[in-house]
Amino acid sequence: MSMWWSLHLRREAASVPLARKFLLGTMESAGVDPDVSFDLSLALSEACANAVEHGGTHEGRGDATESWDAWQEPSGVACGQYRVTAYLDGEKCRIEVADSGPGFPARSVLRTAAHQNESKQQYGSKQPYESRQQREAGQRYVEHPPLTAEEGRGLCLIEQLADHVHFGNRPDHGGALVSFDKVLKWREGALLMVS
């Protein structure tokens, strides 16, 4: 058995805990291990907070208070809203958060070998905020918040909490798309557990 759900939420701070509680309730009912549920709900909270803060209007996109039909894809006109979709199956959970804002700026180029060696000397073999995917591929990006930064750690936190992460822009509709997944662990007698 598998299931999915999608929420269309206003870009308001109150929507973040609502989405998190909805996910936690779904995972509790399905029988997902509480540690995995916590990791995914924290990552979801960060993605939703980013959509609320950065998923706003961009010039020429219309009134941010306009809404879209619940059965349609959010367009650039519906800039006051964002969408959260979760897919649970027997092996993993995938979560997507899409907004209609300006999207992500282009990611920085990979570090040169000299920069990588310099970082290894300064931080050891593991650089702060590097993602699991970057570690496995031997890649490190230039753009990471400094240790003393009070903002900008949300995307790095999502990378640490999930197994696979994708940050990108929605080519057809504009806006950002954050998707991440994690392999699920189940409690004994779970409803969706692989048989």
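Which residues on the other side of helix 1 are exposed? They are Lys21, Glu28 and Ser29. The model is a predicted one.

**The chain as a whole**

The protein chain holds 5 helices and 5 strands. Along the sequence they follow the pattern β-α-α-β-β-α-α-α-β-β. The chain has 195 residues, and 42% of them count as buried. Take the contacts with a separation of 6 or more: residues 24 or more positions apart account for 65% of them.

**Helix 1**

Helix 1 covers residues 15-30, which makes 16 residues. From its first C-alpha to its last it reaches 23 Å. That is close to the 22 Å expected at 1.5 Å a residue.

Seven names make up its buried set: Ser15, Val16, Ala19, Leu23, Thr26, Met27 and Ala30. A general rule is at work here. An α-helix has 3.6 residues a turn, so residues three or four places apart point the same way.

Several elements cover the buried residues of helix 1. They include strand 1 (3-10), helix 2 (34-54), strand 2 (81-88) and strand 3 (92-99). After helix 1 comes Gly31. The phi of Gly31 is positive, near 95°.

**A closer look at Thr26**

Thr26 sits in helix 1. Is Thr26 buried or exposed? Its relative accessible area is 11%, and buried means under 20%, so Thr26 is buried. Leaving aside residues up to four places away in sequence, Thr26 touches Met3, Trp5 and Leu88. Thr26 and Ser37 are 11 residues apart in sequence. In space their C-alpha atoms are 9.4 Å apart.

**How the helices pack**

Two packed helices are described by the angle between their axes and the distance between the axes. Two pairs are set out here.

| Pair | Angle | Axis distance | Crossing |
|---|---|---|---|
| Helix 1 and helix 2 | roughly 155° | within 9 Å | right-handed |
| Helix 2 and helix 5 (residues 154-161) | about 155° | 9 Å | left-handed |

Angles over 145 degrees count as roughly antiparallel. Helix 1 and helix 2 are therefore roughly antiparallel to each other. Helix 2 and helix 5 are therefore roughly antiparallel to each other as well.

Which residues of helix 1 meet helix 2? They are Ser15, Val16, Ala19, Arg20, Leu23, Leu24 and Met27. Their partners in helix 2 include Ser37, Phe38, Leu40, Ser41 and Leu42. Also among the partners are Leu44, Ser45, Cys48, Ala49 and Val52.

Helix 2 also meets helix 5. From helix 2 come Asp39, Leu42, Ala43, Glu46, Ala47 and Asn50. From helix 5 come Gly154, Leu155, Leu157, Ile158 and Leu161. Leu42 of helix 2 meets helix 1, and Leu42 meets helix 5 too.

**Pro105, out in a loop**

Where is Pro105 found? Pro105 lies in the loop between strand 3 and helix 3 (113-123). Its relative accessible area is 66%, and exposed means over 50%, so Pro105 is exposed. Pro105 and Ala176 are 71 residues apart in sequence. Their C-alpha atoms are 9.7 Å apart in space.

Methods
Residues numbered from 1 in each chain as written. Predicted model: local features only at pLDDT ≥ 70, side-chain atom pairs only at ≥ 80, totals over all residues. Heavy atoms only, no water. Helix = DSSP H or I, 4+ residues; strand = E, 2+ residues; numbered from the N terminus. Expected span 1.5 Å × (residues − 1). Buried < 20%, exposed > 50% of the residue type's maximum accessible area, 1.4 Å probe, protein only. Contact = heavy atoms within 4.5 Å. Axes fitted to C-alpha atoms, helices over the stretch in contact; angles between N-to-C directions. Parallel < 35°, antiparallel > 145°, perpendicular 65-115°, else oblique. Left-handed = near helix turned anticlockwise from the far one by under 90°.
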